[in-house]
Every structure is written in structure tokens, then in C-alpha cells.
Amino acid sequence: MHNNKYLKENPNQPLLAYHFIQALTRINLAAHTTSTKQRSHIIKHAAYVSMAFAAGNKRTWTHAVLHNRFPIKTRFHRLSGSRRSFIVSLSRNKETLHQAHLLRSLVPGGHAMEFSSLLMETANYIQYLTAQVRLMQCIVEKFDMHV
Amino acid sequence: MSSRRTRITEEEMNELISKLQNLLPESRRRNTSRASAAKVLKETCNYIKSLHREVDGLSDRLSELINTMDNDSAQAEIIRGLLRS
């Protein structure tokens, strides 16, 4: 089935690490000019951008991150894909639609996706999020050993 | 809202939902054992929110640690450490 490729792919860990560490190195060089809180925002932003780079631009969510600067809130372009999306069958109840709507707000570019794409993009997004979290935990551990 | 037929079948939809369920960590999967699509979506939302919070927390940690570390040696250590693992 065509959608299998979304789930077979495992996040490219070295690529993820490469982008993120590069960003951290730059951030570190400017450390004396930023407050801890500012830096935290910059690091968070770098985390999402490196995720998007590592995941490649075949995904809707990566486009949304790189162009709308998620998670920093901007007024992003609502394409009302949720309305355009095909009517779900009668067996899908209100609760499912409600949860799907909530999910759209959590996945970058979610509002522009058709329901089936939303599910596939979500799966991919979660894979990269967990990989990014693991990477950051790993880095924190290494730091802790030397501070 | 105009009526249009679903593009993918109920079965394919359920398959996607169960694949999503498999991505949830063990603890969250328990809540969805009688997987209704709505439950899986709800747990997925909760999981993503917790991952976002983790990224926030780890960003804070990294920011503080950058503050306290010495430039060259720590960077080299990190990179060496990560290449080793």
C-alpha cells in the first residue's frame, strides 16, 4: 500500500545529530550575548528545524516547520483542509472528529491535511520527535559528565 | 458541506489507526487496548503534547548547561561521545 513508506522510514539519527549539534555549536559561540531564557527558545527552535531537515521535504509537516517557524506561533495559512477533507463515513463519530481536530493543532501543517494524510504525517512526526528527544537527552547526559 | 465519498476504505483507515497506536509507548497503549479510533487519537494527542514538553524542558537544560561550560573542551567531548555511541 502506498502509505507504507511513511512508517518504514526510520529517522536518520546521524543526520539529526549533525544538524542539531551544528546549531548548538553556533548557539554556544553566541552564548555571552544571550540570556538563558532566550537561548532556550533558540535551542527549541533549532530542535524543530533540525528535525525538519533530517526528515526531508517530502512531508507536509517539515514544510510547515521550515516555512511557518513552528513552534513559534505565527498566523499560519489555514488552508481549511479539514473542511476539504473527504467526509468520513457515518461510523466515525463526533468524538473521533473532535480528536482529529485537536491532533491537527499539534502536528505542523495539520489543518491543511486530508484525514488519511494526517494519520500518516502524525506517525512520521512522532518518530522524529522521539528521536529528537532521545538525542537531546543524550547530549544533556554528556554535558552533565563534564560540568 | 458537500457530500463526497471517502477516498480510502474503512479498513485502510483502521489499519492506519492501529499503526499509530503501535507508535505509542507501552503505558499509553494500555489505555487504548479496546482501540476506538477516538481513543487512539486522544492518546496520540497526549503523547505529542508530552513530547513537546520534553523538548521544552531539554531546551531549558541545554541552555543552562551551555552557560556553565567551557567552550572548546566540552564541545569536543560531546562530539566524541556521540560518535562513539
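Here are some notes on the two chains of this predicted model.

1. **Ground rules.** This is a predicted model, so local features need pLDDT of at least 70 and side-chain atom pairs count only at pLDDT 80 or more, while totals for chains, interfaces and linings use all residues. Residues are numbered from 1 along each chain as its sequence is written, chains are lettered from A and ligands numbered from 1 in the order in which they are written, and side-chain values use heavy atoms, leaving out hydrogens and water.

2. **Chain A, make-up.** Chain A has seven helices and zero strands, with helices (H or I, at least four residues) and strands (E, at least two) taken as DSSP runs numbered from the N terminus. Of its 147 residues, 50% are buried, meaning under 20% relative accessible area with a 1.4 Å probe, protein chains only.

3. **Chain A, contacts and surface.** Take the contacts (heavy atoms within 4.5 Å) between residues at least 6 apart in sequence: in chain A, 65% of them join residues at least 24 apart. The chain exposes about 7700 Å², with 57% supplied by carbon and sulfur atoms; accessible areas come from the Shrake-Rupley method with a 1.4 Å probe.

4. **Chain A, α3 against α4.** The axes of α3(A) (residues 36-55) and α4(A) (residues 60-68) come within 9 Å and cross at roughly 140°. Axes here are lines fitted to C-alpha atoms, for helices over the stretch in contact, with angles from 0 to 180 degrees between N-to-C directions.

5. On the α3(A) side you'll find A:Y48, A:V49, A:M51, A:A52, A:F53 and A:A55, meeting A:W61, A:T62, A:V65 and A:L66 of α4(A). By class, that contact has nine nonpolar, one polar and no charged residues. Nonpolar covers Ala, Val, Leu, Ile, Met, Phe, Trp, Tyr, Cys and Pro, charged covers Asp, Glu, Lys and Arg, and the others, Gly among them, are polar.

6. **Chain B, overall.** Chain B comes to four helices and zero strands, and buried residues make up 39% of its 85 residues. Among its contacts between residues at least 6 apart in sequence, 10% join residues at least 24 apart.

7. **Chain B, α1 against α3.** Helix α1(B) (residues 10-23) and helix α3(B) (residues 37-68) have axes that come within 10 Å and cross at roughly 35°. B:I17, B:L20, B:Q21 and B:L23 in α1(B) meet B:A37, B:V40, B:L41, B:T44 and B:Y47 in α3(B).
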